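Hello,

Here is the structure for you to look at. My notes follow below it.

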Amino acid sequence: MIDDEHKGSNNIGNNFVIQYPIFIKSRRGGLLLSIGGYTFSRHCQLSNKFRWACTLAKRQGCRAAAYTCTKEGQVIECNNEHNHPVKGEEQADARYAESASFKLTKRGNLLMNLEGFSYSQHKSYGNKTRWECTQRSKARCKAAVVTLTETQKILRLYGEHNHS
Ligand SMILES: [Zn+2]
Ligand SMILES: [Zn+2]
């Protein structure tokens, strides 16, 4: 049975995405608005609302903006369409989504196998991990892979193997 009353109840403009806003302190002490992983900084005050602009508005030319009520502070309008991904959330390379496999060595090191080559964990920085070809010292191979530490999804491959 189709409930007609609930049809069209999601009549929200395409640009208006209801997501819970979070107010966060920036590193410089300013107030930032965070919606769906994107951050906005307060831009100006209009009659009864504040306009918040994407923090990458200037650098990226991003035109996403949010409006909050000056009194209650809730988000009343939001264009959360950005021309860039959420900061720090790099897109994994879909080509390698299924092809990597991992195994532990007898010494307890984690090895990654990708397209017939094996890599050992080199170091982690930020939310990423760098893996280097296990033939690095033997064959002076400079191939490397960078993954997202948390999910081990592959972000990028660097260099080419000089061995088979
Ligand atoms: Zn933006
Ligand atoms: Zn190699």
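Where is E115 found? E115 sits in the loop between β8 (110-114) and β9 (117-125).

First, some ground rules. This is a predicted model, in which local features need pLDDT of at least 70, side-chain atom pairs count only at pLDDT 80 or more, and totals for chains, interfaces and linings use all residues. Residues are numbered from 1 along each chain as its sequence is written, while chains are lettered from A and ligands numbered from 1 in the order in which they are written.

Now the overall layout. The protein has two helices and twelve strands. Both are DSSP runs, numbered from the N terminus: helices are H or I with at least four residues, strands are E with at least two. Along the sequence the pattern reads β-β-β-β-α-β-β-β-β-β-β-α-β-β.

The protein has 164 residues, and 13% of them count as buried. Buried means 20 or more other C-beta atoms within 10 Å of the residue's own, exposed means 12 or fewer, and C-beta atoms are placed from the backbone. Two residues are in contact if their C-beta atoms, placed the same way, lie within 7 Å. Of the contacts between residues at least 6 apart in sequence, 24% join residues at least 24 apart.

Most residues other than glycine have a negative phi. E115 is not a glycine, yet its phi is positive, at about 50°. E115 is exposed, with 9 other C-beta atoms within 10 Å.

R140 is another residue other than glycine with a positive phi, near 55°. R140 lies in the loop between α2 (136-139) and β11 (144-148). R140 is exposed, with 10 other C-beta atoms within 10 Å.

Best wishes
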